Amino acid sequence: MRGLCWPVLLLLLQPWETQLQSAGPRCHTGPLDLVFVIDSSRSVSPFEFETMRQFLVGLVRGLNVGPNATRVGVIQYSSQVQSVFSLRAFSRREDMERAIRDLVPLAQGTMTGLAIQYAMNVAFSVAEGARPPEERVPRVAVIVTDGRPQDRVAEVAAQARARGIEIYAVGVQRADVGSLRAMASPPLDEHVFLVESFDLIQEFGLQFQGRLCAIDYCSFGNHSCQHECVSTLGGPRCHCREGHDLQPDGRSCQARDLCNGVDHGCEFQCVSEGLSFRCLCPEGRQLQADGKSCSRCREGHVDLVLLVDGSKSVRPQNFELVKRFVNQIVDFLDVSPEGTRVGLVQFSSRVRTEFPLGRYGTAAEVKKAVLAVEYMERGTMTGLALRHMVEHSFSEAQGARPRALNVPRVGLIFTDGRSQDDISVWAARAKEEGIVMYAVGVGKAVEAELREIASEPAELHVSYAPDFGTMTHLLENLKGSICPEEGISAGTELRSPCECESLVEFQGR
């Protein structure tokens, strides 16, 4: 189907528009602010995107559109987010349809969390045409996606729902059900929809159009709301007084946690105490003088080897960004011969140890050595790099501490594309050797390869950035994982090989 030109696609899909248009009268709802969030990543083929476009057009034709009725906005996303038109842009269906037909897909990654953040902060803002909160106009986001997000969605979706945005998650064909459920509003059986293929989205559109016709559910039945009932598309929803938050039972209210209402700036955790709050740090890390930040990794012992992709697709300017990112990781480590030891390996068509674990004893020395690394600029032999790491980088000759000392061994690999050799054997071997693996993908990195390299669970050991300029947002995740007090080596005790217990263990082996 990818070879079909657009006029033929339009001809094939035209009956779907006619079907929706003649399916029944338009929804005559009260005021509604409705934003469609459309996945236009590279995994969506031209035929599939055209089907999604007609799905949108058909739904818009079934709505009671107007400044005082339903306002409609559309945003599309891939590795970036683009506003197709805002809630205040059009008041006529014809103008909306024209803008939807002119839509050109972005064809990049799948940053669904970024799209939800944009919808929450921008698309549903008063400046973009949303009605003010005091008018109690329902805000509804309909997310249509065909794949697995490459960023985190649960937290940002929870924030959006807490701000009163009702989220419908529509997954088509390859969509990840777990991600849909993490995004959608409760009850999930009314807000999560999975369509087996784009061919069936026509049939689904007829059903979903009825869902968008609101009923005043609060006018009948016992809603049991503690403070106020508001009728929304999915049924009655309870609202709380200003300064109170709705509880998990969906009916009762509780005074708002002060930490959720202010920009507290706590690095790790904020705890409300009456009319004030204070910041907490993870166990083993201390609060700094500013009352917000926490000390760096201390009193932990880790042997950390960084594998950096130096292939020609990275390009020199981006390789410099990678080196800067590596040094930002070094900044939060307690680098010393007794604490954390750091080694660096660069790979392309071959593998080169830039410096082994045992060479540098301070963070300043490591950072200086990182900046001096010269870019290789060749192919991408990731499997070869993993083999080098397993066979050489964690050897005692390269500075790794003996296994009897029980020092965690951590491998952290950066790559921007598909490997040109097989990775499966040495990815598995690394984990068999007890190396905890983290995989950081950038740009065109392949998710399946990152997951195969990384330790379980993949959600904690795989990170992705759409481009080299946005890698810094991964730092906090890596910091929480690698820091001995927070991550894999929590509670690690450095043992002397001369202790009786160590000798008995050695003899037993």
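Predicted model: local features only at pLDDT ≥ 70, side-chain atom pairs only at ≥ 80, totals over all residues.
Which residues does valine 326 touch, not counting residues up to four places away in sequence?

**Figure 1. Valine 326 in the largest nonpolar core.** Leaving aside residues up to four places away in sequence, valine 326 is in touch with Leu306, Val308, Val370 and Phe414. The core around this residue has 33 members, and Leu306, Val326, Leu412 and Phe414 are the ones that touch the most other members. At least two core residues come from each of β13 (302–309), α9 (316–331), β14 (340–347), α10 (363–371), β16 (409–415) and β17 (435–442). Helix α9 gives the largest share, with 6 residues. A separate, second core holds 29 residues, among them Phe55, Val57, Val144 and Val195. As a general background for both views, nonpolar side chains in soluble globular proteins tend to be buried together.

**Figure 2. The open sheet from β15 to β18.** Six strands are laid out here in the order β15-β14-β13-β16-β17-β18, and their pairing is mixed. The edges belong to β15 (351–355) and β18 (462–465), each of which pairs on one side only. On average, neighbouring strands in this sheet are turned by 20° against each other, with direction ignored. If you follow the view to β17 and β18, you will find a parallel pair joined by 4 bridges. One place to look is valine 440, whose bridge partner in β18 is serine 463.

**Figure 3. The open sheet from β3 to β6.** This sheet of 6 strands has the order β3-β2-β1-β4-β5-β6, again with mixed pairing. β3 (81–85) and β6 (192–195) are the edge strands; each has a single partner strand, so one side of each is left without a neighbour in the sheet. Neighbouring strands are turned by 20° against each other on average, direction ignored. Strand β5 (165–172) runs parallel to β6, with 4 bridges between them. Alanine 169 has valine 192 as its bridge partner in β6.

**Figure 4. The hairpin between β2 and β3.** The two strands are joined through 3 residues. β2 and β3 pair in the antiparallel sense, over 4 bridges. Strands of a sheet pair through backbone hydrogen bonds, in either a parallel or an antiparallel sense.

**Figure 5. Arginine 403 and its contacts.** Arginine 403 sits in the loop between α11 (382–393) and β16. Is this residue buried or partly exposed? With a relative accessible area of 47%, arginine 403 is partly exposed, because that value falls between the 20% and 50% limits. Not counting residues up to four places away in sequence, arginine 403 touches Arg409 and Glu433. A polar atom of the arginine 403 side chain lies 3.2 Å from the backbone oxygen of glutamate 433. The C-alpha atoms of arginine 403 and glycine 434 are 10.0 Å apart, although 31 residues separate the two along the chain.

**Figure 6. Two cis peptide bonds.** Proline 186 and proline 187 are joined by a cis peptide bond, with omega at about -5°. Proline 187 belongs to the loop between α6 (177–183) and α7 (188–191). The bond from glutamate 456 to proline 457 is also cis, with omega near -5°. Proline 457 is in the loop between α13 (447–453) and α14 (458–461).

**Figure 7. Positive phi at alanine 107 and arginine 136.** Alanine 107, in the loop between α3 (93–101) and α4, has phi near 55°, a positive value in a residue other than glycine. Its relative accessibility is 44%, so alanine 107 counts as partly exposed. Arginine 136 lies in the loop between α4 and β4, and its phi is near 55°. Arginine 136 is partly exposed, with a relative accessible area of 38%.

Technical notes:
Residues numbered from 1 in each chain as written. Heavy atoms only, no water. Core = buried A, V, L, I, M, F, W, Y, C linked by side-chain atoms within 4.5 Å. Buried < 20%, exposed > 50% of the residue type's maximum accessible area, 1.4 Å probe, protein only. Contact = heavy atoms within 4.5 Å. Polar contact = N/O pair within 3.5 Å; in protein donor to acceptor, adjacent residues only side chain to side chain. Pairing = 2+ DSSP bridges. Axes fitted to C-alpha atoms, helices over the stretch in contact; angles between N-to-C directions.
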